[in-house]
Amino acid sequence: MSGVAMTAAAGLAGASGWTQLWVSLAGVGAGMINAVVGSGTLITFPVLLAAGLPPVTANVSNTLGLVPGAVSGAIGYRRELAGLGPLLLRVGTAGLAGGLTGAVLLLALPAKAFEAAVPVLIAGALALVLLQPVLAKRLAARAADRPRPAHGGWALLIGVYLCGIYGGYFGAAQGVLLLGLMGVLLELPLQRINGVKNVLALLVNGIAAVFFVIDGPIDWRAALLVAAGSVIGGQLGALVGRRLPPQALRGVIVAVGLIAIGRVVLG
């Protein structure tokens, strides 16, 4: 990613055309991956760091930028969401509360706390991405032996709230967490669960983005570039993302995530 470095003070407004193109393409990739799995932040966040944005500014701008892509992905899965209005109302309320809590924590805690936590958060997210197939099989097998309450019960609401806190604070692999949680607690096919996951990600990112607009260090050029790319990526993910080899997606996510850790640790 050499050639995209720049001073943090200038932001992306003064970046080269190539830098801005990289950010837009990262938005496409993130929008597509978010629609399919939910780890798109591990694509855009490292690129924004490489472009010279401070970690908190990169995180806030990324959250805002991915909202249009989340809308695009949710619309792409609208057929899978048919008849799930009551469920979406319940879990959506929990997700909104969690997302707002996480956003407040991000701006209330010292920036150095977030910077110190970023390598750990990314490493944990990468581990979830790698372990997701194994976890999904084990959780599904365990869930098959247990009766599951309608709409997931209180366990689902609490789990979605906690995932929302994580999503509002950072969000990488939030979708993986939600897929695992709902896969255990809901009697729904995977594609319908994925549609619910896309709506929850939209609500969490959306409420966090509203809070960040009111009181957050946003780089608007970065947010707009990510937004433009993520809208395209969200539609691509809904249309063709299900056919992409999961191993290829995980390989890209892990590679970019490791670059992000190196960027933060080495400065």
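A cavity is a set of grid points where a 1.4 Å probe fits but cannot get out. In this predicted model, the structure holds 1 cavity of 30 Å³ or more. The space in the largest cavity amounts to about 220 Å³. Its lining comprises 24 residues, and those closest to the centre are Asn34, Leu66, Gln174, Ala201 and Asn205. Two or more lining residues come from each of the helices α1 (17-36), α3 (55-76), α7 (174-185) and α8 (190-214). Among the elements, α3 gives the most to this lining, with 7 residues. When the lining is divided by class, 16 residues are polar, 7 are nonpolar and 1 is charged.

Helix packing was examined for two pairs, α1 with α2 and α7 with α8. In general, the angle between the axes and the distance between the axes describe two packed helices.

Helix α2 spans residues 41-50 and packs against α1 at an angle of about 160°, the two axes being 7 Å apart. Angles over 145 degrees count as roughly antiparallel, and α1 and α2 are therefore roughly antiparallel to each other. The crossing of this pair is left-handed. On the α1 side, the contact consists of Trp22, Val23, Ala26, Gly27, Ala30, Ile33 and Asn34, which meet Thr41, Ile43, Thr44, Val47 and Leu48 of α2. By class, 8 of the residues in the contact of α1 with α2 are nonpolar and 4 are polar, with no charged residue. Asn34 of α1 takes part in this contact and is also one of the residues closest to the centre of the largest cavity.

For α7 and α8, the axes come within 10 Å and cross at roughly 135°. This pair is therefore classed as oblique. The crossing of α7 with α8 is right-handed. From α7, the contact involves Gln174, Gly175, Leu178, Leu179, Met182 and Gly183; from α8, the residues are Ile193, Asn194, Val196, Lys197, Leu200, Val204 and Asn205. The contact of α7 with α8 has 7 nonpolar, 5 polar and 1 charged residues. Gln174 of α7 and Asn205 of α8 belong to this contact, and both are listed among the residues closest to the centre of the largest cavity.

Definitions and conventions
Residues numbered from 1 in each chain as written. Predicted model: local features only at pLDDT ≥ 70, side-chain atom pairs only at ≥ 80, totals over all residues. Heavy atoms only, no water. 1 Å grid on protein atoms, 1.4 Å probe; cavity = no way out; pocket = protein on both sides within 12 Å on 5 of 7 lines; lining within 4 Å. Points joined across faces, edges and corners; volume = space filled by probe spheres on them. Helix = DSSP H or I, 4+ residues; strand = E, 2+ residues; numbered from the N terminus. Nonpolar A, V, L, I, M, F, W, Y, C, P; charged D, E, K, R; others polar. Axes fitted to C-alpha atoms, helices over the stretch in contact; angles between N-to-C directions. Parallel < 35°, antiparallel > 145°, perpendicular 65-115°, else oblique. Left-handed = near helix turned anticlockwise from the far one by under 90°. Contact = heavy atoms within 4.5 Å.
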